[in-house]
Amino acid sequence: MPAAAAESVSIPGPGGVALRGLLVRPAGGAPGIPVVALHGCGGLGGPGTPPSLPAREADWAARLSALGHPVLFPDSFGSRGVTQVCSGGEKGILPETTRRADAHAAAAWAGAQPWAAPGGAFLMGWSHGGSTALTAIAAPVPPGLLRGAVALYPGCARPGQPPPPWRPAAPVLMLLGGADDWTPSGPCRLAAERARPAPVELVEYPGAAHGFDQPAMPPRTLSGLDMTARGDGTARMGTDEAARADALRRVPAFLAAHGGPDRRD
C-alpha cells in the first residue's frame with residue numbers, strides 16, 4: 001500500500017499541552033469517521049525533530065484513509081520532550097492517565113473538524129498505544145466521543161499483577177499474538193472475559209510474536225526493554241504473514257460494523 005501524505009497538526013491537549021500530531025485525510029474531501037491512532041512506545045520522533053510515521057503506522061493510515069477514514073496520530077511523547085518509553089521508564093506518560101487524556105482530547109478535536117463525520121471517533125493503538133486505546137475506551141467516556149476501539153498486542157497488566165477492573169464503554173476488538181513475550185496475551189484474555197457491559201471481540205494468533213502486523217519486518221529479538229514477560233528485557237518482534245493478513249481484513253470489518261465511513265448519525 002503506497003504511503004499516504006501526512007500533514008502536521010496541533011491539537012489542544014490536557015493541562016494546556018499542545019499535542020503535535022499527524023493527520024492523513026482521504027482523497028475526495030468527503031467527511032469520514034475519524035480514527036485516532038495511538039503510537040507505540042517508540043513514539044513518532046523525538047523532540048526537536050518533526051514527527052513522522054513509522055512503516056506500520058504509515059501502512060495502516062494509507063489503508064484506512066483509502067476506506068474513507070481520516071486518521072489522526074497524536075504524539076504523546078515528542079509533545080512532552082520525550083523520544084520513547086520502550087526502555088528507561090515511562091516518564092509519567094502512562095496509558096491509564098496522560099495518554100487516556102490525550103486520546104480523548106484528540107477525539108474531541110477531530111470531531112469538531114469539517115472533515116469529520118458526526119457521531120464520534122474510533123481509537124486504534126499498537127502495544128503501548130493499544131494499552132492506551134483500552135484505557136481510553138473504559139467508562140466513563142463523554143457521550144458521543146468514541147464509537148469503539150481496536151487494540152493490537154496491548155499490555156493489559158503490569159508484570160506480575162492481574163489486570164485491573166475494566167468496563168469498556170463501547171465495542172472493542174483485541175488482536176493478540178499467541179507467542180508475544182513482550183505484552184503476553186493471557187492478561188488480555190482475562191480482562192476481556194471480565195469486561196462488562198460493551199462487547200469485546202478477542203482474536204489470538206497462535207505463534208505470532210509482538211508486531212505481527214508490521215509490513216515486511218523479519219523476525220528479530222529486541223533487548224534492553226522495560227516490562228517484558230520474562231523480566232529479562234528481551235522480546236521477539238516481527239511480521240507474521242497469516243496474522244497480518246487477518247488483521248488487515250478484520251479491522252476494517254470492525255470499523256464498518258460499528259460505524260463505517262459512510263454512516264451518518
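What follows is a set of questions and answers on disulfides, salt bridges, aromatic pairs and pockets.

Modeller: This is a predicted model, where local features need pLDDT of at least 70, side-chain atom pairs count only at pLDDT 80 or more, and totals for chains, interfaces and linings use all residues. Residues are numbered from 1 along each chain as its sequence is written, and side-chain values use heavy atoms, with hydrogens and water left out.

Biologist: How many disulfides does a search of the whole structure find?

Modeller: A disulfide is a covalent bond between the sulfur atoms of two cysteines. Here the rule is a pair of cysteine sulfur atoms within 2.5 Å. With the bonded cysteines numbered in sequence order, the pairing reads 1-2, 3-4. The search finds two disulfides.

Biologist: Which parts of the chain does the pair of Cys 41 and Cys 86 link?

Modeller: The sulfur atoms of Cys 41 and Cys 86 are 2.0 Å apart. The link is right-handed, with 95° about the S-S bond. Helices (H or I, at least four residues) and strands (E, at least two) are DSSP runs, numbered from the N terminus. The two cysteines are 45 residues apart, Cys 41 in the loop between strand S3 (35-38) and H1, Cys 86 in the loop between S4 and helix H2 (98-111).

Biologist: Why does the disulfide of Cys 156 and Cys 188 tie together parts that are apart in sequence, and by how many residues?

Modeller: The sulfur atoms of Cys 156 and Cys 188 lie 2.0 Å from each other. Cys 156 sits in the loop between strand S6 (146-152) and strand S7 (172-177), while Cys 188 belongs to helix H4, so the parts tied together are 32 residues apart in sequence.

Biologist: Is Cys 188 buried or exposed?

Modeller: Buried means under 20% relative accessible area, exposed over 50%, and partly exposed in between (1.4 Å probe, protein chains only). The relative accessible area of Cys 188 is 0%. Cys 188 is therefore buried.

Biologist: What does Arg 244 meet in a salt bridge?

Modeller: Side chains of opposite charge can pair when their charged atoms come close. The rule asks for a side-chain nitrogen of Lys or Arg within 4 Å of a carboxyl oxygen of Asp or Glu. At 3.3 Å, N to O, the partner of Arg 244 is Asp 59.

Biologist: How many residues apart in sequence are the parts that Arg 244 and Asp 59 tie together?

Modeller: Both residues are buried. Arg 244 lies in helix H5 (residues 241-257) and Asp 59 in helix H1 (residues 55-66), so the parts tied together are apart in sequence by 185 residues.

Biologist: What separates Asp 246 and Arg 250 in helix H5?

Modeller: These two form a salt bridge, with the closest N and O atoms 2.9 Å apart. Asp 246 counts as buried, at 17% relative accessibility. Because they are four residues apart in helix H5, the separation is about one helical turn.

Biologist: Which residues are linked in a network of salt bridges?

Modeller: The structure holds 15 salt bridges. The network links Asp 181, Arg 230, Asp 232 and Arg 236.

Biologist: Is the aromatic pair of Phe 73 and Trp 126 stacked or edge-to-face?

Modeller: Rings of Phe, Tyr and Trp (its six-membered ring) pair if their centres lie within 6.5 Å; planes under 30 degrees apart count as stacked, over 60 as edge-to-face and the rest as tilted. The count comes to five aromatic pairs. For Phe 73 and Trp 126, the centres are 6.5 Å apart and the planes 5°, and the pair is stacked.

Biologist: Which residues do ring pairs link into a cluster?

Modeller: Tyr 205 and Phe 212 form an edge-to-face pair, 5.1 Å centre to centre with 70° between the planes. The cluster is Tyr 153, Tyr 205 and Phe 212.

Biologist: Which element gives the largest share of the lining of the largest pocket?

Modeller: On a 1 Å grid over the protein atoms alone, a pocket is an open set of points where a 1.4 Å probe fits, with protein on both sides within 12 Å along at least five of seven lines; lining residues have an atom within 4 Å of a point. The largest pocket holds about 770 Å³ of space. Its lining has 34 residues, with Ser 131, Gly 155, Cys 156, Ala 157 and Arg 158 closest to the centre. The largest share, four residues, comes from H3.

Terms used:
Grid points are joined across faces, edges and corners, and a volume is the space filled by probe spheres set on the points.
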